[in-house]
Amino acid sequence: MRIAVIGAGICGLSAARTLCKRGHRVSLYEQHDLFQDRGSSHGASRIVRRAYPDAFYTACMAEAYPMWRDLEIASGRNLLTECGLLYFGHRDSANLRKVSDGLYSLNVPYEIADVARTRSLLPQLNLAEDEIAIWTPEAGWVNAAETLRTLHDLAKTDGLEVHPNSNADPLELAKNHDAVIVAAGAWITRYVPLPVKVTLQTFAYVNVQVGGPVWIEDS
């Protein structure tokens, strides 16, 4: 099949790489330069995990999470640092209950950690007495920028055609492609009438080395 993919973030490049590997003719269209920093896929690190408040995503990760190691094997590159995850908050938090219920129902390894156990995993984290943490070993962080380049390089080897700085129209592409995949991220409302509200997420870096697991605060 001849397939067009719009968007060269993690979703678009993953789709393009997989389709190329399966023998399809794939053209990738990106409105900016490749590996740009205007979307949500750039940067040195992104958390990956199997623990989510919505069990739907926990179930998805049963198939998706092992693919990080598959990608490392295929590329010979180190992308995933598996250091575990601490998801913490008030012991009565609805989200924490949903996380633990989803992990339990799907038989994903996890542990409910009290203050002392949490301190043994991450000494710099001081929980309040009414807080707990959920510890999952299958989690960590990936080099996001290197992952994009890895997917691109593997797909190019299998014949991917790349069209950067291209404002592709999916209706026009559909005229000479068997299928069109739109992986536009925050720009999805340009193509599909969805009730999506794009927000700016602010963050800060702490100028200190902290060993141990990645963590998410439920607040």
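**Close-up views of a predicted model**

**View 1. Thr-58 sits in helix 2, residues 55-64.** Helices here are DSSP runs of H or I with at least four residues, strands are runs of E with at least two, and both are numbered from the N terminus. This is a predicted model, so local features need pLDDT of at least 70 and side-chain atom pairs count only at pLDDT 80 or more, while totals for chains, interfaces and linings use all residues. Residues are numbered from 1 along each chain as its sequence is written, and side-chain values use heavy atoms, with hydrogens and water left out. Thr-58 counts as buried because its relative accessibility is 1%; buried means under 20% relative accessible area, exposed means over 50%, and partly exposed lies in between (1.4 Å probe, protein chains only). Setting aside residues up to four places away in sequence, Thr-58 touches Arg-50, Ala-51, Tyr-52, Gly-102, Leu-103, Leu-106 and Val-108. A contact means heavy atoms within 4.5 Å.

**View 2. His-152 belongs to helix 6, residues 144-157.** With a relative accessible area of 13%, His-152 is buried too. Look for its contacts with Leu-13, Leu-34, Phe-35 and Val-162, again not counting residues up to four places away in sequence.

**View 3. Three strands make an open antiparallel sheet, in the order 3-8-4.** At the edges are strand 3 (46-49) and strand 4 (80-82), each pairing on one side only. Neighbouring strands in this sheet are turned by 30° against each other on average, direction ignored. Angles run from 0 to 180 degrees between N-to-C directions, and axes are lines fitted to C-alpha atoms, for helices over the stretch in contact. Strand 3 pairs with strand 8 (residues 139-142) in the antiparallel sense over four bridges; two strands count as paired if DSSP finds at least two bridges between them. Zoom in and you'll find Val-48 opposite Gly-140 in strand 8. Helix 3 (residues 67-75) packs on the sheet, touching strand 3, strand 4 and strand 8, and its direction makes about 135° with that of strand 4.

**View 4. The largest nonpolar core has 22 residues.** Such a core is a set of buried Ala, Val, Leu, Ile, Met, Phe, Trp, Tyr and Cys residues joined through side-chain atoms within 4.5 Å. Val-26, Trp-68 and Leu-160 have the most contacts inside this one. Strand 1 (2-6), helix 1 (10-21), strand 2 (25-29), helix 3 and helix 6 each give it two or more residues. Leaving out neighbours within four places in sequence, Leu-160 is in contact with Ala-16, Cys-20, Val-26, Leu-28 and Ala-155. A second, separate core of 12 residues includes Leu-103, Ile-132, Val-214 and Ile-216.
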